[in-house]
Amino acid sequence: QTIYLKDYKPFGWIIDDVHLTFRLHPTATRVISRIRFRPDHDVHDRPFFLHGEDLKTISIRVDGHEPTIYEQSGGITVDVPDAPFNWEAEVEINPSANTALEGLYMSNGMYCTQCEAEGFRKITWYPDRPDVMAKFTVRIESDAEHTPVMLSNGNGLYYEQDSTKTPAPNVTIYQDPWPKPAYLFALVAGDLVAHEDSFTTVSGKEVHLAIWVRPGDEHKCAFGMEALKKSMKWDEDVYGREYDLDEFNIVAVDDFNMGAMENKGLNIFNSSCVLASPETSTDANFERIEAIIAHEYFHNWTGNRITCRDWFQLCLKEGLTVFRDQQFTDDMRSAPVARISNVLALRARQFPEDQGPLSHPVRPESFQEINNFYTATVYEKGSEVIGMLKTLVGDEAYAKALNLYFDRHDGDAATIEDWLKVFEDATGRDLSQFKRWYSQSGTPRVTVREEYAQDTLTLHISQRTAPTPGQETKEPQIIPIAVGLLNPNGDEVQETTVLELRDSEQSFSFPGHASRPVPSILRGFSAPVLLDQEIDADRRAFLLAHDTDPFNRWESGRMLARESLLSSVKEGSAPNAAYLDGLKLVLRDDTLDPAYRALMLGQPSQSELAGLLHDAGHVPAPEAIHAASEALRQAKADHLSDILPGLYADHQVEEPFSAEAGPAGQRALANAALDLLTRLDGGATAAMQYTRADNMTQQLAALGALLDADQGQEALTAFYDQWRDDRLVIDKWFSLQVLHAKPGDAADVARRLTNHMDFDWKNPNRFRALLGALQMHHAGFHHESGAAYELLADWLIRLDPVNPQTTARMSTAFQTWKRYDTKRQALIGAQLDRISKQPELSRDTTEMITRIRGV
Ligand code: ARG
Ligand code: ZN
């Protein structure tokens with residue numbers, strides 16, 4: 001069944017208060033709801049439909065009487081008076097049997113919830129839709145032995161424990177003064193310990209902060225707490241947004257489908273996204289944790305105080321909140337490094353989605369299962385769209401529009417139309433063309449041709465977007481293209497200016513240049529597009545040496561690497577000398593941030609190359625791409641052999657560990673150098689680093705390098721023995737072995753690991769650690785034997801009845817299948833058929849497989 005944006009209808013009833021009582025029990029939890037409903041006279045048609053799934057109804061009363069109930073798919077319609085009434089229901093649910101991890105479930109003996117998007121309907125009968133907002137009071141009853149700590153949204157009002165009895169019953173009451181949709185409801189109960197702190201808001205209100213974890217994880221909370229306090233301060237300073245409750249709780253949960261969830265006042269996190277210590281977490285983990293804590297905290301205003309009218313508007317909160325967390329990271333760390341990392345992620349995850357069978361607009365217009373639309377397009381492209389809007393209107397107008405948005409829509413369930421309207425009202429600009437960024441899917445391709453005559457450089461720019469599923473024709477979009485000009489000496493003669501490309505083809509002139517300037521186009525990656533520019537390697541090398549825009553400087557190196565790799569795949573040519581020479585100059589430049597130089601040492605991934613080859617009309621051969629990538633790495637190692645030992649030695653951090661950007665950047669550069677050095681010394685340096693490492697960044701980089709040099713087996717065993725009791729580290733142990741396997745061995749290595757006693761496949765982190773790594777190993781996943789395709793399909797089939805959401809998400813590994821040769825397409829096609837023929841395949845996976853097959 002497909003749901004359409006155009007079919008939106010308001011609910012018809014208003015809720016004043018919701019009172020919930022939970023009598024917790026692992027297999028038979030009772031949920032009692034008391035809700036006051038009244039008709040919304042603005043809505044003419046007022047059927048009283050409540051969602052509910054897997055609920056055992058004990059009783060339902062309307063004003064004290066048993067009403068007539070009509071069962072429907074996904075819920076019930078109830079005969080109610082056309083006047084205010086009291087709803088009372090008691091249901092029984094089984095949290096232990098809830099392996100889908102939606103609604104109320106158990107993770108390692110602890111009760112927790114995940115209600116976004118549509119999980120609340122598995123807790124009780126309710127209008128489970130984001131436009132129904134209400135104030136919740138929650139009473140939790142349990143026993144103090146198993147669940148000494150019980151939490152819900154809002155402020156804790158009351159706690160009582162009767163110690164005269166065994167087990168000692170305990171009761172807690174939470175009240176949330178802010179109206180919210182049900183998807184923001186949360187409950188946690190278990191044997192938890194807190195890392196506590198406090199934050200005083202700008203208006204002087206003291207907020208009690210706590211990160212709740214299982215005993216034994218207390219030492220992994222300090223970093224997250226600092227990130228939280230920085231986020232709270234930043235949102236006050238930059239957006240003028242203050243926190244609005246007396247307490248803010250974060251809970252770490254081991255079994256979680258996604259990264260984290262912004263439940264009002266009670267954020268629930270996948271433990272991998274909050275727990276951190278130097279010994280167990282890499283610099284990349286620290287950076288991600290800081291960003292996710294910020295993201296969930298920022299949702300308090302962009303998501304919770306202003307929520308979404310319906311799930312089609314998901315990007316209203318997600319695009320904006322990703323944009324805000326990216327701004328935060330820019331301010332906390334290095335903005336150019338953060339921008340490059342974001343673009344790398346966009347190209348790795350969003351571009352393939354937008355250029356394949358799963359392509360959908362930032363604001364989709366239909367879906368079968370909303371969980372399938374928590375995508376890179378909604379999140380990351382959604383954020384890019386906001387970045388473009390800010391570029392087009394300017395920083396001041398952006399701030400003005402955001403203030404208007406918060407003033408006008410606080411307490412609302414809003415839409416993209418509302419969002420754009422505040423920008424129109426704040427700036428007087430017509431944004432109807434801009435709105436196409438929300439409705440048109442696909443990645444626009446921008447082509448630039450240069451002409452120089454009479455001291456004038458003219459850029460002829462055109463745009464075109466290829467058809468995407470359901471959208472045959474595309475209208476031109478407004479594309480902000482940031483451009484600067486350099487003279488032949490490498491000095492900037494035109495600082496960055498933003499061209500607004502509105503038409504299919506447009507020309508922009510830069511007069512007054514006596515010598516032909518070199519343009520630097522799409523600075524800062526000012527729009528999420530594919531850029532086609534006919535320029536030669538010398539010009540790229542010139543920009544790599546001189547561009548004043550750090551993003552484009554990096555991009556020039558990237559393009560050289562890309563072109564070198566593509567021609568070595570296509571023509572078997574040797575690595576490009578201009579690239580290797582240019583790279584050396586940049587790496588030697590000690591004025592450049594080590595983190596930035598580390599990014600310079602990277603090269604396009606094998607799956608990115610496969611996409612580019614496909615795009616250019618070739619059939620990508622994974623083994624040839626793998627060989628070319630390895631050859632380029634070796635060529636870099638050889639060409640840089642005289643500077644690698646120095647780069648490595650000079651960037652060792654002697655001070656005590658800190659996860660700050662500075663030392664992290666030093667480690668990043670040293671470890672990028674180690675990766676290449678290993679190709680020269682057979683793993684000698686890596687072995688030394690492994691022995692000395694006192695933090696996970698150093699230990700893991702050394703272990704990976706040892707595996708590359710075929711020297712890692714002993715270290716791998718030692719690593720396991722050292723970390724066998726730490727789930728998050730053992731996840732890394734699973735991933736690493738697959739990622740560093742030879743292409744022909746990857747499926748076997750993964751298969752062998754599925755038999756390991758620690759392969760707890762019902763835990764989403766563990767499942768992703770192993771099978772996600774297999775799909776990230778391009779040459780291994782696409783090995784001609786088809787063994788990896790089959791292995792993944794086997795496990796998706798096994799996981800689907802247990803956890804549809806994670807299964808559907810992992811099935812995206814097959815989304816690029818049409819790129820490959822007919823033999824591989826047949827192999828993948830057979831697996832897609834096999835999955836789709838499973839009896840009772842979930843709605844989630846059915847929708848994904850159907851879209852991927854494109855039938
Ligand atoms: N709103 C959460 C976030 O972006 C994501 C939760 C998505 N959960 C889901 N089951 N689809 O932070
Ligand atoms: Zn979010």
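Start by selecting His-639, which counts as partly exposed because it has 18 C-beta neighbours inside 10 Å. On this scale a residue is buried if 20 or more other C-beta atoms lie within 10 Å of its own, exposed if 12 or fewer, and partly exposed in between, with C-beta atoms placed from the backbone. You will find His-639 in helix H14 (residues 622-639). Helices (H or I, at least four residues) and strands (E, at least two) are DSSP runs, numbered from the N terminus.

A word on what you have open: this is a predicted model, in which local features need pLDDT of at least 70 and side-chain atom pairs count only at pLDDT 80 or more, while totals for chains, interfaces and linings use all residues. Residues are numbered from 1 along each chain as its sequence is written, and chains are lettered from A and ligands numbered from 1 in the order in which they are written.

Next, show Leu-580 and Lys-584, with which His-639 is in contact once its neighbours within four places in sequence are left aside. Contact here requires C-beta atoms, placed from the backbone, within 7 Å of each other.

Now select helix H11 (residues 577-588). Its 12 residues should span 16 Å at 1.5 Å a residue, and the end C-alpha atoms are 17 Å apart, which agrees. The expected span is 1.5 Å times one less than the number of residues in the helix. Which residues of H11 are buried? They are Tyr-579, Gly-582, Leu-583 and Leu-587. To see what covers the buried residues of H11, show helices including H9 (537-546), H10 (550-571), H12 (594-601), H14 and H15 (644-650).

**Helix H24**

Move on to helix H24 (residues 787-799), where the 13 residues should span 18 Å at 1.5 Å a residue; the end C-alpha atoms are 18 Å apart, which agrees. Colour its buried residues: Ala-788, Tyr-789, Leu-791, Leu-792, Ala-793, Trp-795, Leu-796 and Leu-799. Their cover includes helices H21 (746-754), H22 (764-776), H23 (778-781), H25 (804-810) and H26 (822-836).

**Around ligand 1**

Centre the view on ligand 1. Of the 14 residues around it, Glu-116, Met-258, Met-261, Asn-371 and Tyr-374 come nearest. A residue is near a molecule if its C-beta atom, placed from the backbone, lies within 6 Å of it. Strand S19 (260-261) and helix H2 (283-298) each supply at least two residues of this shell. How does the shell divide into nonpolar, polar and charged residues? There are five nonpolar, five polar and four charged. Ala, Val, Leu, Ile, Met, Phe, Trp, Tyr, Cys and Pro count as nonpolar, Asp, Glu, Lys and Arg as charged, and the others, Gly among them, as polar.

Stay with Glu-116 for a moment: a cis peptide bond joins it to Ala-117, with omega about 0°. Ala-117 lies in the loop between strand S10 (110-114) and strand S11 (134-143).

**More backbone stops**

Most residues other than glycine have a negative phi, and most peptide bonds are trans. Select Thr-166 and Pro-167 for another cis peptide bond, with omega about -15°. Pro-167 sits in the loop between strand S13 (155-161) and strand S14 (169-180).

For positive phi, go to Phe-525, which has a value of about 50° although it is not a glycine. Phe-525 is in the loop between strand S29 (518-521) and strand S30 (530-533). Is Phe-525 buried or exposed? It is buried, with 22 other C-beta atoms within 10 Å.

Asp-710 also has a positive phi, near 60°, and belongs to the loop between helix H18 (696-708) and helix H19 (713-723). Asp-710 is exposed because 11 other C-beta atoms lie within 10 Å.

**Last stop: Thr-280**

Finish at Thr-280, in the loop between strand S20 (266-270) and H2. Leaving aside neighbours within four places in sequence, Thr-280 is in contact with Met-696, Asp-726, Leu-728 and Val-729.

Conventions:
Contact = placed C-beta atoms within 7 Å.
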